[in-house]
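Student: I'd like to learn how to read pockets and helix packing in a protein model. Can we go through one together?
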Amino acid sequence: MDSTAARELGGLLTGAEAKEIADRLADGDTLTAALRAVSPGRRPAIRALLETGGGPTPQLIPVLRAIEGARSTVTAVDPLWTMPGHLAQAGPLTSSVTQFVDNARQSVTCSTFNFQKSSELWAALRRAARRPEINVRVYVDTGAADRRPVPWSPTTSEVAAHLQPGVVLRTKRFDGYLVRNHAKFLAIDHRFLLVTSANFSWSGENANIEFGIFVDNPNLTEAVERQMLRVEDSLYERVHA
C-alpha cells in the first residue's frame, strides 16, 4: 500500500476498527467478513483503500496495526465550561459541542439524564442521525423522560422518533428497581470524549455554571463505549419509534 492510501485509510479508521479488521484478517477471515467491523456506509471507501494495496492480506495487517497504534495517542485534554455571560476564559464552552457533533465522520454516542427540546444538541443529534455514514447511539433515563411528560422535554419514544434511524436505549429495571441513567457524556468518532455536569438543555449549555472535560484520547473513548455496550442487555432496552 502506498503512503497516500495509508494516510487516507488512517483518517477513516478508528484505532478499534483497525485492530478489529487486522485481528479478523489474521484469523483467516475474508476482507468482506473483516469489514463488518465498520458501519455499512463507510465500508466501500475503506475496502477501496485496502484493495489499493494490491498485495496479499499479510501485507495489509502491519498497516492496520500502525493505524491502531497511531490512533491511541493522547493529544489534548481541555476544560469545558458553561457560565452566565460567557465569562469562562479557559477552554471551549459547552455550547460549542454541537460543532463537534456536526463535524463527526463516523459515530456519535450520547448518554444523558434527559433532553430538552431547547438544547442545541437536540437538533445537532438529529442532523447527525440523518447522515448515512454516522452511527448515532443514545442512552436516556426512563424515569426522567417518561414518568411525568412535559411539552419541553421529549419522552423516550419521542427521542427515538426524532433520532431515526439512530439507536435509542432507555433504562429498565434491574434487581427490582428502575435504573437511573445519570451519566452525561458524548463520544465522537471513537476518539473525542466529553464528560460534563451539564444536562442537555438550553440552561445547561448557556446559562448555568457547569464544568466538564473534553478529551482527545481514542483508548479512553473506546473503553467508555465498550463498557456501555457490555451492560446494554442488563440495564437498557431499545426504544422503537
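This is a predicted model: local features need pLDDT of at least 70, side-chain atom pairs count only at pLDDT 80 or more; totals for chains, interfaces and linings use all residues.

Student: How do the residues lining the largest pocket divide by class?

Tutor: A pocket is an open set of points on a 1 Å grid over the protein atoms alone, where a 1.4 Å probe fits, with protein on both sides within 12 Å along at least five of seven lines; lining residues have an atom within 4 Å of a point. Here the lining splits into 14 nonpolar, 12 polar and 15 charged residues.

Student: How much space lies in the largest pocket?

Tutor: A volume is the space filled by probe spheres set on the points, which are joined across faces, edges and corners. For the largest pocket that comes to about 930 Å³. Of its 41 lining residues, Glu17, Ala37, His190, Glu225 and Leu229 are the closest to the centre.

Student: And what volume does the second largest pocket have?

Tutor: About 280 Å³. It is lined by 16 residues, divided into 7 nonpolar, 5 polar and 4 charged. Helix α8 (residues 142-146) gives the most to that lining, with 3 residues; helices here are DSSP runs (H or I, at least four residues), numbered from the N terminus.

Student: Now helices. How are two packed ones described?

Tutor: By the angle between their axes and the distance between the axes. Axes are lines fitted to C-alpha atoms, for helices over the stretch in contact, and angles run from 0 to 180 degrees between N-to-C directions. In this model, the axes of α1 (residues 3-12) and α4 (residues 43-52) come within 10 Å and cross at roughly 150°. The two are therefore roughly antiparallel to each other, a label for angles over 145 degrees.

Student: Which residues meet there?

Tutor: With contact meaning heavy atoms within 4.5 Å, Ala5, Glu8, Leu9 and Leu12 in α1 meet Ala45, Ile46, Leu49, Leu50 and Thr52 in α4. By class, that contact has 7 nonpolar, 1 polar and 1 charged residues.

Terms used
Residues are numbered from 1 along each chain as its sequence is written. Side-chain values use heavy atoms; hydrogens and water are left out. Ala, Val, Leu, Ile, Met, Phe, Trp, Tyr, Cys and Pro count as nonpolar, Asp, Glu, Lys and Arg as charged, and the others, Gly among them, as polar. Angles under 35 degrees count as roughly parallel, over 145 as roughly antiparallel, 65 to 115 as roughly perpendicular and the rest as oblique.
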